[in-house]
Amino acid sequence: MGKVVLVTGVARQLGGRFVRRIQREPEVERVVAVDAVPPEHHLGGADFIQADIRQPGIARVLAETGADTIVHLDVTGTPLGSGSRTSLKETNVIGTMQLLGACQKSPSVQRLVVKSSTNVYGSAPRDPAVFTETTPPKSLPSGGFAKDTVEVEGYVRGFARRRPDVAVCVLRFANILGPTAETPLASYFALPVLPTVFGYDPRLQFVHEDDVIEVLRIGSHEPRRGTLNSGTFNIAGDGVLLLSQCSRRLGRPTVPLLLPAVTWAGSLVRTLGMTDFSPEQIRLLTHGRVVATGQMRETLGFQPKYTTAETFADFARSQGPGLLPPQALAGAVDRIADLPLAGGGHLPTQSAN
Amino acid sequence: MADAKVIPFDDDRSRGSAVQRRRSAGNRRPGAESVPVREVQPLPTRAAAQDDVPVTSEEQPPEPSGDGEGGLERRIASGLAFLRRRLTGDYEVDDFGYDEELTDQVLMSLLRPLYDTYFRVEVKGVENIPAEGGALIVANHSGTLPMDGLMMQVAVHDNHPAGRHLRLLAADLVFMLPVVNELARKLGHTLACAEDASRLLQQGELVGVMPEGFKGLGKPFADRYKLQRFGRGGFVSTALRAGTPIIPCSIVGAEEIYPMIGNAKTVARLLGFPYFPITPTFPWLGPLGAIPLPTKWTIQFGEPIPTDGYPPEAAEDPMLMFNLTDQVREQIQHTLYKLLVQRRSVFF
């Protein structure tokens, strides 16, 4: 008998991609895709059930389909379409509570995979440079998506305690980027000019969409020999990019602003509803965040295909050229190099000795 | 308790008793200076001779390279290549945000004039730093502004034959201040916490720590060269867990760059700083008062203290930790007094 996989949050690109991917697995018999709104993309023949996970009706869906593997992807930072922050928070927190309540009553559930985020660590200057899964955050996120994820993880831990027979896998993803990713950071990088915080150059880590799909697939199966896929794992590509590097590779100029001005501008932009530039986003772009991925490699047995830099390069390709394309700058420097000696004479002073 | 080490006061065997005597009289240092100077005379010359070689080898090449056309062209080409990488963001930083290229090419060159001509840092015992593998350098901290850490970083990089990079552990205040935190991260500094320190040591990096922290940095001028409490000795257990040697390091000269004669505690509290220094020049002359005094510095790296002989559970033994902390502290203090006795004057 094959597995029945129930996936939430399929109206988003990531959920849709995962549903299409998981159907190709030989041991999967049926995929049940759940979301409150019908998806705009096709689901590759999965059974779509329109159900709001904030409502108790999700328990009936679970009982009727007899799902044994639940992949909870409906924990997101950006509202879908015109949704507000309040409804997003409800979906994140109340939706998780309802879903976990339904799982607890369902005897068929054997495996639960939850999409979380490295946002749970917060970002503060007093934090260690690299977070491991066990690092306690120095400053708990005070609101926004980060607080949602902290609460979601709290409920998931409670569920894992009450149903020790269910394998629970919490995946803390770094900033997800890729050609189709719809994350707050992706919309930030799409701005023509990047506002940054003056005097701070945060370290950022990215994970590619393809790797996200792959690690979700690993999480929703029986663990391979020698690995363990229940527990909490940081998922991020290798290496680190500084925000200044990102802007240069993207070819977008930066506007350094003083921290109070950024906070003020952020709240203004949020009020106008232009972008979801939330306080925790500003904190991330101030202090940065890097997580250790040793557990992901050794315990979960997952090797990401893309490093942080490759993920960003793939994302940058999908974006239009910026105002200062790196190729143009490189070409300009090369032209200076081709000039007779006198032209480039003053340049090496800033670097050579 | 059997592991407790007796601190060898007689590093230089011949003058063991003299040093011990001097150490107890160390607080009244200026008075004790005249007599022992003669018997210690050979040391500075030997050290200077051994020190001259790496410094000149670092210093000289850029000068003669300018005489040939090829040299200049090569420099321009490498400068442009550097500029190109910088402008296009095509460079690497590690997990801690350490930008090796920027540090080597730009930031170190900015610090070097201060190191070479202003403080005229003399480095001794650089051979005590292993050529590879992790090691924890523990140094005294002084001078109101953490200039000594930066100078130690330049000292290690410029004098060590393997050109090793020192990764300093800095206070959380550093990472709260704009600009400062950015530069600190790019210079390879990170927050002084056990997680970061052990991660760096396990990567085989050379880690520098100043366990006195603000207590040492902001101590009054009257307490100069008197080591403060070494935190809670967390650095010892971190080194022990990683099995890396501890290298005591004594820095002489940093104490006098900003003689702190007072501490405006109210101002400090208002600004959120641990202290607000008042020096003979500082708030009075405005920014001019922030220019450090051009003291002559000596940085001595001591004999490494191995930590790999202990069982893994030793890091949990507080008594052993206290003993080792004291051993490191005594060794630094002892070397400080020795260097002070050898010093001819504060400025030369």
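**Note on the predicted two-chain model**

1. In chain B, consider the contacts between residues at least 6 apart in sequence: 76% of them join residues at least 24 apart. The model under discussion is a predicted one. Chain B contains 16 helices and 9 strands. Of its 348 residues, 41% are buried.

2. The largest nonpolar core comprises 151 residues, and those with the most contacts inside it are Val7(A), Leu136(B), Ile137(B) and Met151(B). Helix H16 of chain B, residues 318-342, contributes the largest share of this core, with 9 residues. Another core lies apart from it and has 5 residues, including Val333(A), Ile76(B), Phe82(B) and Leu83(B).

3. Leu136(B) deserves a separate look. When neighbours within four places in sequence are left aside, Leu136(B) is in contact with Leu201(B), Val207(B), Val209(B) and Phe235(B), and also with Ala239(B), Thr244(B), Ile246(B) and Ile247(B).

4. Chain A has an open sheet of 7 strands, in the order S3-S2-S1-S4-S5-S6-S11, with parallel pairing. Strand S3 (47-50) and strand S11 (231-235) of chain A stand at its edges; each has a single partner strand, so one side of each has no neighbour in the sheet. From one strand to the next, the twist averages 20°.

5. Within this part of chain A, S1(A) and S4(A) may be examined as a pair. They are joined in the parallel sense over 4 bridges. Thr8(A) is placed opposite His72(A), a residue of S4(A).

6. Helix H2 of chain A, residues 57-65, lies across S1, S2 and S3 of chain A, and runs at about 160° to S1(A). H6(A) lies across S4, strand S5 (111-117), strand S6 (167-173) and S11 of chain A, and runs at about 165° to S6(A).

7. Helix H1 of chain A, residues 13-23, has these buried residues: Leu14(A), Gly15(A), Gly16(A), Arg17(A), Phe18(A), Val19(A) and Ile22(A). The elements of chain A that cover the buried residues of H1(A) include strand S1 (3-8), strand S2 (28-35), strand S4 (69-72) and helix H6 (209-219).

8. Arg217(A) is located in helix H6 of chain A. Is Arg217(A) buried, exposed or partly exposed? Arg217(A) has 18 other C-beta atoms within 10 Å and is therefore partly exposed, since a buried residue requires 20 or more and an exposed one has 12 or fewer. Not counting residues up to four places away in sequence, Arg217(A) touches Arg21(A) and Ile22(A). Ile22(A) is one of the buried residues of helix H1 of chain A. The C-alpha atoms of Arg217(A) and Asp127(A) are separated by 32 Å, the two residues being 90 residues apart along the chain.

9. The final point concerns a helix pair. Two packed helices are described by the angle between their axes and the distance between the axes. Helix H8 (residues 259-272) and helix H9 (residues 279-287) of chain A pack at an angle of about 150°, and their axes are 10 Å apart. H8(A) is therefore roughly antiparallel to H9(A), as angles over 145 degrees count as roughly antiparallel. The crossing of H8(A) past H9(A) is right-handed. Which residues meet where H8(A) and H9(A) pack? From H8(A) these are Leu259(A), Val262(A), Thr263(A) and Gly266(A), and they meet Pro279(A), Ile282(A) and Thr286(A) of H9(A).

Definitions and conventions:
Residues are numbered from 1 along each chain as its sequence is written. Chains are lettered from A and ligands numbered from 1 in the order in which they are written. This is a predicted model: local features need pLDDT of at least 70, side-chain atom pairs count only at pLDDT 80 or more; totals for chains, interfaces and linings use all residues. A nonpolar core is a set of buried Ala, Val, Leu, Ile, Met, Phe, Trp, Tyr and Cys residues joined through C-beta atoms within 7 Å. Helices (H or I, at least four residues) and strands (E, at least two) are DSSP runs, numbered from the N terminus. Two residues are in contact if their C-beta atoms, placed from the backbone, lie within 7 Å. Two strands pair if DSSP finds at least two bridges between them. Axes are lines fitted to C-alpha atoms, for helices over the stretch in contact, and angles run from 0 to 180 degrees between N-to-C directions. Angles under 35 degrees count as roughly parallel, over 145 as roughly antiparallel, 65 to 115 as roughly perpendicular and the rest as oblique. A crossing is left-handed if the near helix is turned anticlockwise from the far one by less than a right angle, and right-handed if clockwise.
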